[in-house]
Amino acid sequence: MTDKKIKKIEMRHTAAEDTLVKEGLTAALSTVAGRMLFWRLLSLSGMYMNPHSGNALNTAFAAGRQSVGQDIIGLIEDVDPNSYINMLKENVERDQALKTALAKEMENVSDDDEA
């Protein structure tokens with residue numbers, strides 16, 4: 001088999017895998033749980049933090065993690081650009097709901113309960 005034929009087969013295989021990945025990503029992004037999972041992965045990648053740590057090796061490691069997060073965002077935007085915006089909105093809503101719940105809990109706590 002020639003190198004050209006091998007390359008052609010590899011390209012077809014890669015294209016088929018890419019299609020499956022996009023289908024899986026589309027399915028995941030169509031649910032709240034899937035979007036929450038990807039939001040968590042992006043958070044773990046350090047996407048929303050400064051990678052600089054004062055130590056060159058730690059900074060390089062953090063920048064590498066962020067690079068993975070950027071790749072994930074790129075995949076998401078290729079499949080469904082609006083899902084990233086939905087993830088942002090849903091995260092803000094979860095944060096607000098948590099703050100509201102905590103505020104209500106704090107109102108119900110008396111000074112005697114804290115001791």
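1. A quick definition to start: the expected span of a helix is 1.5 Å times one less than its number of residues. Helices here are DSSP runs (H or I, at least four residues), numbered from the N terminus. Helix H4 covers residues 81–108, and with 28 residues H4 reaches 42 Å from first C-alpha to last, close to the 40 Å expected at 1.5 Å a residue.

2. Some ground rules before going on. This is a predicted model, where local features need pLDDT of at least 70 and side-chain atom pairs count only at pLDDT 80 or more, while totals for chains, interfaces and linings use all residues. Residues are numbered from 1 along each chain as its sequence is written, and side-chain values use heavy atoms, with hydrogens and water left out.

3. Back to H4 and what is tucked away there. Its buried residues are Ser83, Tyr84, Met87, Glu90 and Asn91, where buried means under 20% relative accessible area, exposed over 50%, and partly exposed in between (1.4 Å probe, protein chains only). The cover over these H4 residues includes helix H1 (3–29), H2 and H3; contact here means heavy atoms within 4.5 Å.

4. Now H3, residues 56–79. This helix has 24 residues and spans 35 Å between its first and last C-alpha, close to the 34 Å expected at 1.5 Å a residue. Thr59, Gln66, Gly69, Ile72, Ile73 and Ile76 are buried in H3, and the buried residues of H3 pack against H1, H2 and H4.

5. How do H2 and H3 sit against each other? H2 (residues 32–44) packs on H3 at an angle of about 150°, with the axes 8 Å apart. Axes are lines fitted to C-alpha atoms, for helices over the stretch in contact, and angles run from 0 to 180 degrees between N-to-C directions. H2 and H3 are therefore roughly antiparallel (under 35 degrees counts as roughly parallel, over 145 as roughly antiparallel, 65 to 115 as roughly perpendicular, the rest as oblique).

6. At that contact, Phe38, Leu41, Leu42 and Leu44 of H2 meet Arg65, Gly69, Ile72, Ile73 and Ile76 of H3. The residues split into seven nonpolar, one polar and one charged. The classes are Ala, Val, Leu, Ile, Met, Phe, Trp, Tyr, Cys and Pro as nonpolar, Asp, Glu, Lys and Arg as charged, and the others, Gly among them, as polar.

7. The salt bridge count comes to one, taking a side-chain nitrogen of Lys or Arg within 4 Å of a carboxyl oxygen of Asp or Glu. Glu90 pairs with Arg35, and their closest N and O atoms are 2.6 Å apart. Since Glu90 lies in H4 and Arg35 in H2, the pair ties together parts that are 55 residues apart in sequence.

8. Are the two partners buried or exposed? Glu90 counts as buried at 15% relative accessibility, and Arg35 counts as buried at 10%. Leaving out residues up to four places away in sequence, Arg35 touches Ala28, Leu29, Ser30, Ser83, Asn86, Met87 and Glu90. On the same terms, Glu90 touches Val32 and Arg35.

9. Gly74 is partly exposed, with a relative accessible area of 26%.

Key: Helices (H or I, at least four residues) and strands (E, at least two) are DSSP runs, numbered from the N terminus.
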